[in-house]
Amino acid sequence: MKKFAWVAGSAMLLAACGGSQDVRVPVALENLVLPSSAPWLQVDQQAKEVEVRGLDQSITLIPAPPVSEVLQARLRHALQPVYFTDLVVHCEQVFTEMRVDTDATPSKVTLELSTRCTVNARGLVSSHAYHVQPSLPAPAGGDYAKVFASLLATGADDIAAQLRADVQASAVQR
């Protein structure tokens, strides 16, 4: 009898609190991983879930493969054409966050994507922080996984363009 009272009390407490649940959404990102062999460019691998902030309901995106792996693949693909002997690029501190601005008209979703990369170009070492914030209109059906994939591709390509310019500049300095 005590067990029943405990379960009933817990259910009423959850109902009084709104009973909101964390919605976990898997996000397939295999199609964003472009083939490239550039072992001279590494991004620290980390598995990280991405929360969608700014909503009444808690939504957590579970990217597979992880964001850092997608970023590494897209950076390798974009920088392969500018490779020169003795170039080594190492990126770390990958940060990803997604926010929904429901006050904007129309509502929009913004992805914050940042990383810090160290470029060793024939002994000349430099370090740069890269930060992008691509955005799109909020999806009418709430398909945040699809929007996330699109924003991640755009953001990773924007960082790749910035990094590519820094790599090319370092090649000129030598």
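The protein chain exposes about 9,700 Å², and carbon and sulfur atoms supply 55% of that area. The model is predicted. Of the 174 residues in the protein chain, 36% are buried.

**Overall architecture**

- The protein chain contains three helices and eight strands.
- Read from the N terminus, the order of the elements is α-β-β-β-β-α-β-β-β-β-α.
- Among contacts between residues at least 6 apart in sequence, 72% join residues at least 24 apart.

**Strand pairing**

- Strand β1, residues 22-28, runs parallel to β4, and seven bridges join the two.
- Within this pairing, Val 25 stands opposite Leu 61 of β4.
- Strands β3 and β4 run antiparallel and are joined by three bridges.
- Here Val 52 is the residue that stands opposite Ile 59 in β4.
- Four residues lie between β3 and β4, which form a hairpin; in the turn, Gly 54 has a positive phi of about 95°.
- In a regular strand, the side chains alternate between the two faces of the sheet.

**The nonpolar core**

- The largest nonpolar core consists of 45 residues, and Val 89, Phe 148 and Leu 163 have the most contacts inside it.
- At least two residues of this core come from each of β2 (41-43), β3 (50-53), β4 (58-64), α2, β5 (87-101), β6, β7 (124-132) and α3.
- Helix α3 supplies the largest share of the core, 13 residues.
- Leaving out residues up to four places away in sequence, Phe 148 touches Val 27, Leu 29, Val 50, Leu 61, Pro 63, Val 67, Thr 96, Met 98 and Leu 111.
- In soluble globular proteins, nonpolar side chains tend to be buried together.

- Helix α2 covers residues 67-79, 13 residues in all; from its first C-alpha to its last it reaches 18 Å, close to the 18 Å expected at 1.5 Å a residue.
- The helix is mostly covered, since ten of the 13 residues in α2 are buried.
- These buried residues are Val 67, Ser 68, Val 70, Leu 71, Gln 72, Ala 73, Arg 74, Leu 75, Arg 76 and Leu 79.
- An α-helix has 3.6 residues a turn, so residues three or four places apart point the same way.
- Arg 74 is located in α2 and counts as buried because its relative accessibility is 10%, below the 20% limit for a buried residue.
- Apart from neighbours within four places in sequence, Arg 74 is in contact with Leu 32, Leu 34, Ala 153, Ala 156, Asp 157 and Ala 160.

**The disulfide**

- One disulfide is found in a search of the whole structure.
- Cys 91 and Cys 117 form this disulfide, with their sulfur atoms 2.0 Å apart.
- The pair links distant parts of the chain: Cys 91 belongs to strand β5 and Cys 117 to strand β6, 26 residues apart.
- The link between Cys 91 and Cys 117 is right-handed, with 105° about the S-S bond.
- Cys 91 is buried, with a relative accessible area of 0%, and Cys 117 also counts as buried, at 0% relative accessibility.
- A disulfide is a covalent bond between the sulfur atoms of two cysteines.

- Not counting residues up to four places away in sequence, Thr 110 touches Glu 97, Met 98, Arg 99, Gln 133, Pro 134, Ser 135 and Leu 151.
- Ser 150 lies in helix α3, which spans residues 144-173.
- Ser 150 counts as partly exposed because its relative accessibility is 35%, a value between the limits of 20% and 50%.
- Ser 150 and Ser 135 are 15 residues apart in sequence, while their C-alpha atoms are 9.5 Å apart in space.

Key
Residues numbered from 1 in each chain as written. Predicted model: local features only at pLDDT ≥ 70, side-chain atom pairs only at ≥ 80, totals over all residues. Heavy atoms only, no water. Buried < 20%, exposed > 50% of the residue type's maximum accessible area, 1.4 Å probe, protein only. Contact = heavy atoms within 4.5 Å. Areas by Shrake-Rupley, 256 points an atom, 1.4 Å probe, with all protein chains shown as cover. Expected span 1.5 Å × (residues − 1). Core = buried A, V, L, I, M, F, W, Y, C linked by side-chain atoms within 4.5 Å. Disulfide = S-S within 2.5 Å. Pairing = 2+ DSSP bridges.
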